[in-house]
Amino acid sequence: MEAIASAHEAHHDHGDSHAHDHHSLSFVRKYIFSNDHKVIAKQFMTTTLFFFMVGGLAALLVRWQIAFPGEPVPFLGSLLPEAWGGSTGAIQPGFYSQLMTMHGAIMLFLVIIPMVNGMIGNFCIPLMIGTDDMALPTLNMFSFWLNIPAAMLLMGGFVLESGMATAGWTAYPPLSAIQGAGQTMWIVGLFLVGFASIMGGINYIATVLNKRAKGMSMFRMPMTIWALFITAVLITLGTPVLASALVMLFFDNFLHTSFFIPTNLLATSALDGTNHWSGGGQPLLFQHLFWFYSHPAVYIMILPSMGVVSDVMATFARKPIFGYKAMIFAIMGIGFLGFIVWGHHMFQSGMSPLLGTTFVLSTIVIAVPSAIKIFNWLGTLWGGSIRYTAAMMCAVAFVSMFIIGGLSGIFMASAAVDIYIHDTYFIVAHFHYVLFGASIFGVFSAIYYWFPKMYGKMLNEGWGRMHVIWSFIFFNLTFFPMHIIGVGGHMRRIADPTVYDFLKPFQGMNAFITWSAIGLGFTQFILLFNIIWNLNYGKKAPRNPWRSNTLEWAAPPHPGHGNFDTDITVYRGPYEYSHENRESDYWPQWVPPTEEEIEAEKLNPSHAH
Amino acid sequence: MFDWFKYFDFPAWFPENVSTFGAELDGMFILIWYICVAIFILTYALLIYFLIKYREKPGVRAIGYHGNNMLEFTWTILPTFLFAGLGIYTDSAWEKTKNVSHIPKPDVTIDVMGQQFNWVYRYPGADGILGRRAPEFKTNDNIFGVDPKDEHGKDDFIIETEMHLPINKNILVNLSAKDVLHSFFLPNFRVKQDALPGSWMKVWFNGTKAGKYEIACAELCGASHYNMRGLLYMHSLDDYNKWYDEQTKAKSEQLAQALGTTAPTADTTATPAVTAGGTTEHGK
C-alpha cells in the first residue's frame, strides 16, 4: 500500500528524479547542520517546545510569588541561590523582575515567533506549494542556528551574580539603559533573534514567489501559505526597526550614549557605576521604534495560526473555507494596518493626546478585518460535516478564544477607557487570550494536524483531545479572572499586590489564578508525552490521513530531502471539499480531473476557483 | 444561587470613583462592555449551534459552498460603523481628560516627581507660586531642578509619599520622573499618566470625596516597583488650608533658621492657601 511507504523506500523508488540524495550526507549535515526545511522545522519544534517549558516555569514562579508573596517556592525554593530566593527560598523582588522579563521575552521571541514561523513556516511552505525545499536552504539553516547563541545571550544573565535582564520584555529605557550585564546581553541576544527572524522572512518571501509548483497560482495557495507570506513581509519590514532601536539601546546601556536618555538623568548604571550620560535624548523615541516593530509582531505571532486554523477547519468541516479571497484581503488589511496602529500601546506614555486620537481611529479600523475573519470561520462551519479531531478542537478553541481576546481589545482601543485599564491585568488577560488562547492553540492545531507528515507517525487522538480540553478549561480559569482583577485596578508586573489596600480583596482570586496556571502548565505534559511516546510507538501514518486537499499530503509520510516522489501539477484551489460534481468529499489539488469530471463541470459549472 | 454570576459582571469590580470625570470614563467602559456581551452572545450562539448541528453524521454531506460577497460586504460595513462610532464617541472624554488645552483653570498646582521607589511632591509655599525649574539645575539634592536664583522657589516645600489635596478643586499636577519611567496611577480617580524623565506632563483631576486614597506606580521601574505606593489625603477645604498653613509655617521657620533669624509668622497665616470661591492664589 503506497500510503504506508516510508520516506526511505520512497527515496529508493523515486530518488532519481530528485537532485538531493541524503544518503551521501554525513550525520552532522543530515540531522544537525541540515539544509532540509523539514529537519529545520523539527529543530525549531524541539527548541521551541523546550523554551515553552522554560518560559512556562518562569510564569509559574511569577504566579506563585503574586499569589503567595514571600512564601517559599515549593520544591524549587531550596535550589535558589541566596540572591534570588533569600534565606527561605521565597522569590525576592529582584528575581521576580528577572522571571517576569524572561517569561515575556522567552514566550514571545523564543517560543511563539519561532513556532509559528520557524516551525510551521519551514515545514509547510515548500510542501504546500509543491517544491523540494526553500529558495535559500543554507540561509534557512543559519536562521535556525543563530537562534541558539541568541537564546543563550538572552538568558545569559542566568550565570551572572547580577542576574538576568529585569526591564520587562518591552525593555523601556531609561530602566533598561541603566541595568547591568544581564540586560546588556539580553539586548544583544534579542538583536540576534531579530536577525534570524529576518533571514527566515526573506527566505519565505523568495520561496513563495519563486518556487511554486506548476499550476499553483497565488490564488490557489492555501490560507496557511498566504498567512505565512504576509507574515514574512511584516517580519522583513518591521524587524530592522526593532534592530535599530536595540542598537541604540545597546549604545546607551554599554557606551553611555544618550539616544534615549534625557538631560541630567539622576540614575546610576548598574553595569559600571557611572552616573553620567551626555543627555538630550528622549525615552519616548524607543517606545515608538519598539512598538513600530512590536505591534506588527503581534500579527507576526497570530497570522500563521489563523492560516493553520483556516486550513484545519476546511479539512475537518469538509467544506471550502468561507470567503477565501475575503480572508486573504483581510490578512493583507491586517498586515498593512498593523504598521499604523503602534501608538495604541502608548496612549498614557506622554505622547501627544492628539496623536492618541489618530491611533484610536486606526486601531478601530484594524478590528474590522479581524471581525471579517471570525465571521468567515463561522461561515465555514455552517453546513459542514464536522469531525472533532484534536486538531479541529484546537481550531475551535482558537476561534472561541480569539473572539474573547478581540472583544477585550475594544476596551483598550479606546484611549479614554484605556486610561484606567492601561498597565493592569486587564491588558494581561487580553494578550494572553490572543497569544495563548489563539496563537498557541493554533500551534497545537498545527502539531496535531501535520505531525503525521512530519514524523510519519500518528499522534494519539484520545490524548490529544484530553490535552486540548484540559488546556482549554485551565486556560480560561487562569486568564478569565485576570479581567476581573484588572478592572479592580491590579497593576501588571508587581511582585507583591498585598502592599496595596485596594488590591487586598483580590488576593483570593490571585491564588485561584495561580492554581489554575499550575494546572495549565502540567496539562502540557500530555502533549509532550503524546509526542515522545508516538515518535517511538505511534501507528504509521498513511499518506493522507485527514483526506485533505493540499499538496503536502501528496508527499510520502515522513518525506525525505526533496519532498515529493511524483511530479506535482496543481489543477485547482485548495478547498474543493464536498464538491457537488464529485462522489468523494474531497478533491486534492494535485489530482488531474477525469474526462467525466471535465464533462460534468461543463454541464454544471460550479463556482470553484 | 447565582452568586457566581458576579464574576461575569465586570463593571461591578471597579474601585469607588471619587473624581468628576471618573463616572464618564466608567460609563464608557460599561457601554463597551454591553456591546461586547451582545457580540459575544451572538457569535457564541452561532458557534455552538453550528458545532452541534453540523457535527459529522453518517450519510450527511457538507455543502460545497465557497462564500457570498453580499455577506462579506455586510459584515465588513457593520463592524466598521460600530467601531468607528465607538471611537468617535469616546474621544470627547479622552480630549477632556488628557488634552492640555482642555485642562480647566487650576485651583491648586503642584509638582510630582517619581523616583525609585517613591513619589515626591512639591507645593508652591506661602507665595502660591512654584519656583522656576530647568533640567540643568537637577541634582540629587534638587531633584526638581528648581532655579536657586528664583525667589518664588525659596518657600516651596517638598514632601514625600503622602500627598494632601482639597476636594472639589481643580488640581493640576506637573508630572515628571527623576531616574526611570514611572506611571502616576490614582485608581479611585481614574487617573493614569506615565512620568517621563526629562519632560513635564500636565495631569488634572477634581476629587469629590474626602478620605485616604492610594497612589500606585503602574510602569515597571525596577525591583521595588511593587512597593512604590503613595497616599493621597483628600481634605475639605478648611482642613486642607490648615494643613497647608502648617507646612508653610514649618518651611518659613526652616528658612529662617537657615538665615539665623526668626520667622515672620504673620505672613504665612494671613492668606489661606485656597479660597472657598476657587480663586487661584497659587494656581500658576
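Ground rules for my notes. This is a predicted model, where local features need pLDDT of at least 70 and side-chain atom pairs count only at pLDDT 80 or more, while totals for chains, interfaces and linings use all residues. Residues are numbered from 1 along each chain as its sequence is written, with chains lettered from A and ligands numbered from 1 in the order in which they are written.

Sheet, chain B. I traced strand E1 (108-115) and strand E5 (171-177) and found parallel pairing over 7 bridges (strands are DSSP runs of E, at least two residues, and helices runs of H or I, at least four, numbered from the N terminus; two strands pair if DSSP finds at least two bridges). They belong to an open sheet of 5 strands with mixed pairing, in the order E3-E2-E1-E5-E8. E3 (157-160) and E8 (201-205) are the edges, each pairing on one side only.

Helix pair, chain A. I checked H3 (37-67) against H5(A): the angle is about 155° and the axes are 8 Å apart (axes are lines fitted to C-alpha atoms over the stretch in contact, and angles run from 0 to 180 degrees between N-to-C directions). So H3(A) is roughly antiparallel to H5(A) (that label takes angles over 145 degrees).

Interface. I found 84 residues of chain A in contact with 79 of chain B (contact puts C-beta atoms, placed from the backbone, within 7 Å). H12(A) gives the largest share of chain A's side, 15 residues.

Conventions: Contact = placed C-beta atoms within 7 Å. Parallel < 35°, antiparallel > 145°, perpendicular 65-115°, else oblique.
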